[in-house]
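Below are some notes for a colleague who is opening this model without having seen it before. Please read the numbered points alongside the sequence and the 3D view.

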Amino acid sequence: MAVHDSIGDFLTQIRNAYKANLSSCLVRHSVLKEKIALIFFKQGYLSSCKFLENSTGKWLSLQLKYVEGAPALCAVTRISKPGCRVYSASDSLPRVLNGMGVLVLSTSKGLLTGFEAKKMKVGGELICSVY
């Protein structure tokens with residue numbers, strides 16, 4: 001039985017593109033990937049996020065951001081995996097890099113950052129952490 005983790009693959013593609021010092025990254029489109037990419041863009045880890053559609057399918061074009069030659073995104077870690085889901089209540093959400101990083105979680109209100117989830121007092125599945 002094979003288990004496919006498309007979100008883990010998406011995060012790995014971004015991580016590898018930053019390690020290779022690429023200016024952009026092209027990944028397969030899904031609604032969840034698009035929402036994660038928009039959170040990364042709003043938090044300042046990506047320069048832009050564009051939706052593309054051609055004869056081969058739907059794609060996300062991600063423009064990577066560098067600050068003085070260094071990647072804006074240092075590390076991205078998948079928390080909840082297909083084999084081991086991780087959930088947290090709003091009052092016990094973990095802090096990423098003592099508040100300097102971003103926690104992405106899936107809630108009943110949609111995909112939110114840890115800060116937004118605490119503010120709205122909702123918990124959910126921890127998707128990934130970024131710093």
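1. R78 counts as buried, at 14% relative accessibility, where buried stands for under 20% relative accessible area, exposed for over 50% and partly exposed for what lies in between, with a 1.4 Å probe and protein chains only. R78 forms a salt bridge with D5, and the closest N and O atoms of the two are 3.0 Å apart; a salt bridge here is a side-chain nitrogen of Lys or Arg within 4 Å of a carboxyl oxygen of Asp or Glu. The two residues belong to distant parts of the chain, with D5 in the segment before α1 and R78 in strand β6, 73 residues apart. D5 is buried too, because its relative accessible area is 19%.

2. This is a predicted model, in which local features need pLDDT of at least 70 and side-chain atom pairs count only at pLDDT 80 or more, whereas totals for chains, interfaces and linings use all residues. Residues are numbered from 1 along each chain as its sequence is written, and side-chain values use heavy atoms, with hydrogens and water left out. Helices (H or I, at least four residues) and strands (E, at least two) are DSSP runs numbered from the N terminus.

3. How many salt bridges does the structure hold? There are 2, and one of them is the meeting of the E125 and R85 side chains, at 3.0 Å from N to O. E125 lies in strand β10 and R85 in the loop between β6 and β7, so this pair ties together parts that are 40 residues apart in sequence. E125 is buried, with a relative accessible area of 14%, while R85 counts as partly exposed at 43%.

4. The loop that holds R85 is also the place of G83, between β6 (76–78) and β7 (87–88). G83 counts as exposed because its relative accessibility is 79%. Although G83 and V3 are 80 residues apart along the chain, their C-alpha atoms are separated by 8.4 Å.

5. Which residues touch the most other members of the largest nonpolar core? They are F10, F40, L62 and V104, in a core of 26 residues; such a core is a set of buried Ala, Val, Leu, Ile, Met, Phe, Trp, Tyr and Cys residues joined through side-chain atoms within 4.5 Å. At least two residues of this core come from each of α1 (6–19), β1 (24–28), α2 (31–42), β3 (57–64), β8 (102–107) and β10 (124–130), and the largest share, 6 residues, is that of α1. Leaving aside neighbours within four places in sequence, L62 has contacts (heavy atoms within 4.5 Å) that include F10, I14, V27, A37 and L46. A second, separate core has 8 residues, among them L93, L103, V122 and L126.

6. Strand β3 deserves a look of its own, since 6 of its 8 residues are buried and the strand is thus mostly covered. β3 runs antiparallel to β1, to which 5 bridges join it, and also antiparallel to β2 (residues 46–54), with 8 bridges; two strands pair if DSSP finds at least two bridges between them. A hairpin through 2 residues joins β2 to β3. W59 in β3 is the bridge partner of L52, and R28 stands opposite W59 as well.

7. Most residues other than glycine have a negative phi, and most peptide bonds are trans. N98, however, has a positive phi, near 55°; N98 lies in the loop between β7 and β8 and counts as exposed at 62% relative accessibility. K121, in the loop between α3 (114–120) and β10, has a positive phi near 60° and is likewise exposed, at 68% relative accessibility.

8. The loop between β7 and β8 also holds M100, which is exposed, with a relative accessible area of 64%. Together with L97 and Y131, M100 makes a nonpolar surface patch of about 330 Å². Nonpolar patches join side chains of Val, Leu, Ile, Met, Phe, Trp and Tyr within 5 Å, from residues with over 30% relative accessible area and no salt bridge, and the areas come from the Shrake-Rupley method with a 1.4 Å probe.

Technical notes. Patch = residues over 30% accessible without salt bridge, like charges linked within 9 Å, V, L, I, M, F, W, Y side chains within 5 Å.
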